[in-house]
Every structure is written in C-alpha cells, then in structure tokens.
Amino acid sequence: MAELSFNLLHTLDPRRDAYGFALRPQHTQRYKEYAKIYKEEEGERSDKWKEFLERLAISDQPCSSDEEYKETLQVEATECKVETVLESEESDESSGRKSISDGSKERDLEKEVHHSKETKTHEVQTWAQIRPSLSAIEIMMSSQIRTSKDMIDEQKTISGDHLPSIEEAKSPGGASEEEFDGDIYVNATSDDNANAAGTVTAEVDKVSSKNLFPLKEEVEFLVRGGVPKDLRGEVWQAFVGVKTRRVERYYQNLLAQEASDGEHKEHEDSSGVPKKWKRQIEKDIPRTFPGHPALDDNGRNSLRRLLLAYARHNPSVGYCQAMNFFAGLLLLLMPEENAFWTLVGIIDDYFGGYYTEEMIESQVDQLVFEELMRERFPKLVNHLDYLGVQVAWISGPWFLSIFVNMIPWESVFRVWDVLLFEGNRVMLFRTALALMELYGPALVTTKDAGDAITLLQSLAGSTFDSSQLVLTACMGFLAVTEARLQELRTKHRPAVLVVVEERSKRGRVWKDSKGLASKLYSFKHDPVSLIEEKKSTEGGDSLADEDKSSLNGTTNLDELLNGLSVDSELDSLPDLQEQVVWLKVELCRLLEEKRAAVLRAEELETALMEMVKQDNRRELSARVELLEQELAELKQALADKREQETAMLQVLMRLEQEQRVTEDARISAEQDAAAQRYAVHVLQERYEKALASVAEMEKRVVVAESMLEATLQYESGQSKAHASPRSTRNQDTPTRKTGLLSFGLGWRDRNKGKPTDVKESNLSHSTNEGMDPSSSEKETKNEQKET
Amino acid sequence: MGCSSSLPDRSSGQLAGLNSENGGVSDAKNLRVKLVLLGDSGVGKSCIVLRFVRGQFDPTSKVTVGASFLSQTIALQDSTTVKFEIWDTAGQERYAALAPLYYRGAAVAVVVYDITSPESFAKAQYWVKELQKHGSPDIVMALVGNKADLNEKREVPVQDGIDYAEKNGMFFIETSAKTADNINQLFEEIAKRLPRPASS
C-alpha cells in the first residue's frame, strides 16, 4: 500500500509526519519529540500483536496458515490483472486505474508477492483478503454484525459456507470472458477456501460458545494499546467485518453503472449520482489531504471512484464533506474495494443518520454530548456558559470529522482503532470527554469566548500523547456506554426533528422526499439489516441497492429497470430467460412493497410529527420553566452578590477609617516621643553643665579649704603671739572666724553630697524618658495590630 | 490553528466580567465581535480568513468540516480595537442544518460568493434570506465577491453584487484572498459599521 512511498518520504520532508500528513509548523518540534515515543510504542505493540496472532494461529487455525495466504494473494494479483484488461475495454475511466496500494515493505508476509508485482507494473489490486491469522478476530467481529442481521447468517448456515461471495462466483459458469475469469479465481483458491470454510464454520461455534469473551477482552486490551501500523488496514477491516459485508462484484457494478451513466447523460435525472454530489466530490478531491504523497493522480482517481460508488450505494447519504477524508484515510491503508466496504460499514452502520441530508443524528449527538458535559464537568460548562461559548461549536466539528484534522494523526489512528473495534460511537464521546478533562483546567482560566475556543482548538491540535488520550478516554468514562447514549439520544431526538421539520417546511423543495427518507432512516436503528436482507436474496447486489433506495422513496421505475438490466448483463447467469421472469416477479413484488412502504411512511410521518410536536411542546414548556427558574436563581445570585459587595464596601470603609485613626495615633505618639527625646537631650546638657560647675565648685572648695587651713594656722600662730594683753580685745574675731569656717566646712560637706544626688535624679529622669517612647511605640504597635 | 493575535485587553478587574455574557461588546474602546462566514462550498471562505488572520494563502487548502474558528484583533484610527471572533463554516448544502448554531448571536455575517460562479451567487442570496429571517435583527451583513483575481473568468457582474447588496442594506466588496486585495479593507469597513456601545 501507499505506506511504502510515504515511509520513504517522511524522512525527506520534515513537514510531514510518519503517515505522510502535513504537520502544522508550530507542531514540528513537538512531533519530533514524540516521534521517538511513537517508535518505541510501535515496537512494543507490534511485538504484542505478533505474539498474540501467533498464539491464535496455533490454537485456532492449524489449517489456513499464512503460507496459503501468500498463495492466495498471488493468485488474486494475477486475477486482478486480467480484470484490468477487461475493464479497460469496458470503460475509459477505469483504464486509468492503477494501484495506489503498493504493499508496504514492512509486511514480511507480502514481500514476495510485491516483488513479483513490481515486475508487472500495470497491475491493479482492488481487493485483497486480509491475512488468515486475523480471521479469528474477523469472525468475532462479524458475529456482532450478524446478530443484527439474521437473514444473512441464516443463509450462511444453510449453505455451510462462510463466503457468500465465493459461492456466487462458483455458480455454474457461462460462456462470457468475465465468468471465465471468475473461474480461474475459484479454481485456484477453492482448495484453500474449502479448508478455510471447514475451519471457520467449526470455529464460529467454538468462538461463540467459549472463546468469544476472553478473546474479545484480549483484543480489546490490545486495541487500546494501539494497532501496529502494518497491521492496521487489515485489522480495521476485520473490525468492520468487511468480508461479511462484501458482495462480490457489487463495487464493480456500481462503478460500471456510474461509467455508463456518464456515457448517456440523458439519464441524469433518474439514476446515478446527482450532479450536485458529483460536483461537490470534484471540488473536494484536491482539498483532501492536499500534498499527501500517496494521493497523486492515481490516488485521487481511486478516491473519486470510491466516493461516487458510495454515493450510488447509499443515496440517503450520497456524499457529505468529511467522507472525503475518511475515504482518503482508508485508501492509505487498504486496497480500493476493501476501503469501499470499510467506508460502507462506518457510514451506514457506525454513523447511521449522521451524514444524511439533515444530519439529524449528528445534531442529536451534540445535544447528548452537551448533557454529558454538564454532568461530568459542571464547573467547566458553567464557565463556558458565562463566556457565551456553546460546547457544540467545538465538539460538532470533532464528531463530524471523527477527529481527523482536529488532533494529531497518531491520536486519530488510536481513536479510530478503538472506535472501529467497538462498532459504535461511544469512543467518539469518550475521546471528546477526555479532551475536555485534559484541557478543562486550562479553559477555566480564559477570559473571553475567543480565547477559550482558540485555546481548546490549539490544545486539542497538539494532543501528541495518544496513549494518554486513549487511556483517559477508555478508563475515565466507563459510565458512558452505548445503552446510556441511546437513552439520551431518544430523549433529545424530538427537539432536533422539530427544528429539521421547520427548516424543510420553509419551502426547500429539494429536501422533500429525502427529508422523509432520512428521517425514517434515522429512526430505523438497523438500516443495514435491510440491505443485508436483500443482499441475501439471489440476484443480489444491485437489487439490494435499488430495493433500499426504493424504500427510501427516491428511485423510480426507470432506474430500477436500468439497474436490473445492467445487473443481469454483468452477472450473465445461465438461465437468462428464467432469470428475467423471476426478476419481473420480484420487481412487481418490490414495487408493491414500495407502494406500501411509501404509504406507511406517510402515515408514520404524520403520526411522528404529531408525537414530536406534542412531545416537543411539553419539553419546550418544561425547558422554558427551567430556564425561567434558572434566570430567577441567577438574578437572586446577582442580588446576593451585590448585597455582599455593598457589605464588603462598608467593611472596607470602616477598616480604612480605623486605619486612619491608628495612623494618626501613631504619628502623634511619634511626635511625643521625639519631644521627650529632645527634653532628655536638654536635660543631659544641663546635667553636664551642672557637673562642670560642680567640678569647678569643688576646685574652689579645695582652694577655699587650703586657704582656710592656712588662715587657721595663721590664726593659731597669732593667738600664741598675743596671748595675754590682746586676748580680751581679740576675743570677738576668732568667734567670727570660726563661724565663717564652720560655714565653709558645712558648705563643703553639703557640696560633696550634692553631686550624687543630682546624678541620681538625672538618671531616674532619663530612664523615665527612655521608657516613655518605647511604651508609646508599643501602644501604636498594638493599635496597628488591632487594625 | 493556535496563533491568533489577541491583545491583552480586558485585563482589568474581576467585577467587570459580568456584562460580557453575549458574544458582543466589552467596552467602548475594545470591541469584541462574533463574525460568521457563510457561502457555497469552495468560494474561499477559509482562504479569506487565513489571509486576514495569518496573511497566508494556500491554493490547496483543506475542506472545512463543521466549522473552524480563528480570531484577529485590528486597531482603528479612532484608537479603538476590534477583536473579531471568526467562525468559518462548512460550505456544503447539508451543513446548513448546523449553520444556525454558528450564526445565532453573531454581530456580523459575511456572505461570500465566487465571482466566477453564478450558482454561488444564488447560494449567497439564499444565505442572506436565511439570515434576514433567523439571524439577529441588528446583524451587520457584508456581501463579498471573492476570487476577484480571476476577472477574465468572471460570470457575476460587479453591478449585480452592488445592486443586490444595496437592496438588502448590506455592505459590498470584491476581494481576492489570493492577492490579498481588499481583505483588510473588508474587515475594516465592517468594524466601522459596528454599532458602538454608549461610551461610559
């Protein structure tokens, strides 16, 4: 397959990833970082799968080994060659067909085949069986399909052959070249098939009885770890049940019809793909993975054929943008016809009603997802509501594109692995929820709608940790099950239907018939069982298509006849006459059925609309009530908030006042402290002056003392000299002098005592002053604390 | 899709957030505008947005599935800024079923057609009618004829566009995302026509 070319290429082009898809410039660096991890993971998982498949092959499939598979492939390759030649004779368009699928070198199994292919360059491989070792998985998965489609199952057990296609091919051959061609195929492979048929029928019992559950669990585990690159295409086919779905030559017939339509254009209105789809497909083909190395001219032709064939196969869908990406993706992994059947499985089954004209189911899913979001992430949704962002704005594109172009490719593949395995849309919801879980915390910080959406888009776009994503999705949201989703879908569907009905009433003529069709389509939860039912009737493929479209009310008699004639030509069964008669009978029956179905459909529609209207009115009024209630609550909340705000403001003002008061107090205290400090200073000075004066006084006292002593000595000397005569006359003076002396002494004593006193008083004073400011500071501090 | 150039507007207080409920205006100087692009498939809606937001043109751009989002802020001469929150919708007819999700509450709708395709012009008229019925009553609508660089292949005369726009009270311009002709003018003209909130 195309892997070959893009494996080579990605080493050359750093702007593309390992799958050949363009990388956004801002992601190249992160991709480089993750490329190593991917490689490691890839190694691990391919070992695991290899081991698993070997075990399966040993235990379950002793007969059909890979050796035989190789042979089968080889044979098919030659068969395909013949086919190309034939087809190139048939129509110009298909002659240009070449293989876009040229075998990966990684596949050891196919290596040989492809070596031989390289020599024959013009070969086409439009259909290939998947390797037998995967058939156990295939059987397990297709048993799921069969349970919903009893008819085909029944037919198989009767015929005892698991391959209806081969049985058809085996039917006794006519003389035409094509039939001859078919014979080669059958002859060459019949031995293998006989073997395979034997083992497989035996195995269906075995698997369904005991092996199913452990096997399924094991596969589930492996799938969550990812499917190895080189197995992915085949494993996906096994999951979707391509082999069970496939009807031999159905695809080729669709293409042939398309080609013949192209030749006579007068039939434009009756059958075939409406012009608008063709034009849309043409517009979209170059816009599908632009620049991808595998989508060269041949690849694009394949893509065109695939989309046209699908549009013809299911007119209720036709072509819807997004399918171009799916088809392109599948073509990268598998041959063209395999891709067709895989696409049929995905769009008809997994995504029934999703891509139809009104896209009802996709709208329903959005409502369901929103409800799940509200349930799981109330805070996030509240925030998004507050920003005015609707969840569906973002999740809508995720769902419609099944994450293609929304998250990195490695993650896309991993999500598809699980989704295709599970066979429903649960993984879609789980992945979206996982993304919300991963990025919700970041989203809550956004401040406006634009930022929120941009952030989510870019975060989702850089979800390179695919294992984390898949594990979060699978393990984190176990409560999201198919049953729960169905329940929610039935709850939300009426609302969507009412809107759709209103739209189609707005005079949109082109929708009339199809509107009804797709409504019925979406209500019928097993539309494919219908197809399968018709497929199982003999005469098969295109009849099934016509039948289904007649049920859908879109075809007319012309188309049916046209289709039949082409069909019978191509099948060229032996008893043409008988066949024609039988077909005519069948046709009458079908026409009757169609009429009945149309009538019934109309009845159903009116009934439905009645129901829907009532239901919706009730729901609407309930919703209005709810909304009103919410509004009241919100208003209440707002009022409360306002009250709180004013209260807060008051508190704030009071606080401010208090603060101002304390500030004032603090300032005055500081001023006091400064004043006191100044006083202390002054006192200190005075004290020093006093000390100085005391010291001087002391000196003077000393001088006075010495003078006093000198005077005393002199006095005593004088009294000795004038003892007798002058004693009476001089009596007065000594007393006066002693009086002076005693005064001097007394003063001296007093002076000596005084300094200490002064000091003490000074000290006590200063300590007092020292204490004062600190205490006042303490006060202010206390006040500040109080504030 | 990550690199929208958004100004750090509205970084102010928490109490200011309450009035920004519906994708419209935030304050007199910094407007936020929800804009939706509608029109037939392949007329170049995504290219116009890419040219306006990133200044790039990719002739092989991808099909838009559902819708995609980008935002861009421009400054006007009167020193107001306008942040466009642009929803680029899918063009195929059936995606019209999802369009209301995106044009509901939009202040601006840009309806695009391809001047080389009369069908796309008819489709544009369908969108104008749809918006008149179901869009916001005061929605600003612009009619854009894109691919003006392909003048030699023109099939929709300029006058037709002008007449239709005039009749429906729309602003009309012909652009080319490829040559960047009139792309910025388109958005500037839209910005001028926006209703301004009463300055506080």
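E189(B) and K192(B) are 3 residues apart in helix 5 (residues 183–193) of chain B, so about one helical turn separates them; helices here are DSSP runs of H or I with at least four residues, strands are runs of E with at least two, and both are numbered from the N terminus. The two side chains form a salt bridge in which the closest N and O atoms are 3.4 Å apart, a salt bridge being a side-chain nitrogen of Lys or Arg within 4 Å of a carboxyl oxygen of Asp or Glu. E189(B) also forms a salt bridge with R193(B), with 2.7 Å between the closest N and O atoms. R193(B) and E189(B) are 4 residues apart in helix 5 of chain B, and are therefore separated by about one helical turn. E189(B) has a relative accessible area of 23% and counts as partly exposed, as does R193(B) at 41%, whereas K192(B) is exposed at 54%. Buried means under 20% relative accessible area, exposed over 50%, and partly exposed in between, for a 1.4 Å probe and protein chains only.

The structure is a predicted model, in which local features need pLDDT of at least 70 and side-chain atom pairs count only at pLDDT 80 or more, while totals for chains, interfaces and linings use all residues. Residues are numbered from 1 along each chain as its sequence is written, chains are lettered from A and ligands numbered from 1 in the order in which they are written, and side-chain values use heavy atoms, with hydrogens and water left out. Chain B has a mean pLDDT (the predictor's confidence in each residue, from 0 to 100) of 85, and 86% of its residues reach 70 or more. In residues 1–23 of chain B the pLDDT is below 50, and this stretch has 45 contacts in the model beyond near neighbours in sequence; contact means heavy atoms within 4.5 Å.

Between the chains, 46 residues of chain B are in contact with 51 residues of chain A. The area buried between them is about 4100 Å², with 51% given by carbon and sulfur atoms; buried area is the accessible area (1.4 Å probe) that two parts lose on being put together, summed over both. Over all chains the structure holds 41 salt bridges, and the count between chain B and chain A is 6. One salt bridge joins D448(A) and K83(B), at 3.1 Å between the closest N and O atoms. R279(A) and E119(B) form a salt bridge at 4.0 Å, N to O. This pair crosses from helix 13 (residues 275–284) of chain A to helix 3 of chain B. R279(A) is partly exposed at 40% relative accessible area, and E119(B) is partly exposed at 46%.

Aromatic pairs were counted for rings of Phe, Tyr and Trp (its six-membered ring) with centres within 6.5 Å; planes under 30 degrees apart count as stacked, over 60 as edge-to-face and the rest as tilted. The count comes to 37 aromatic pairs over all chains. The rings of F369(A) and F429(A) have centres 6.3 Å apart and planes at 50°, so this pair is tilted. F369(A) lies in helix 17 (residues 360–376) and F429(A) in helix 21 (residues 426–443) of chain A, 60 residues apart. Both residues are buried. In chain B, F121(B) and Y164(B) form an edge-to-face pair, 6.2 Å centre to centre with 75° between the planes.
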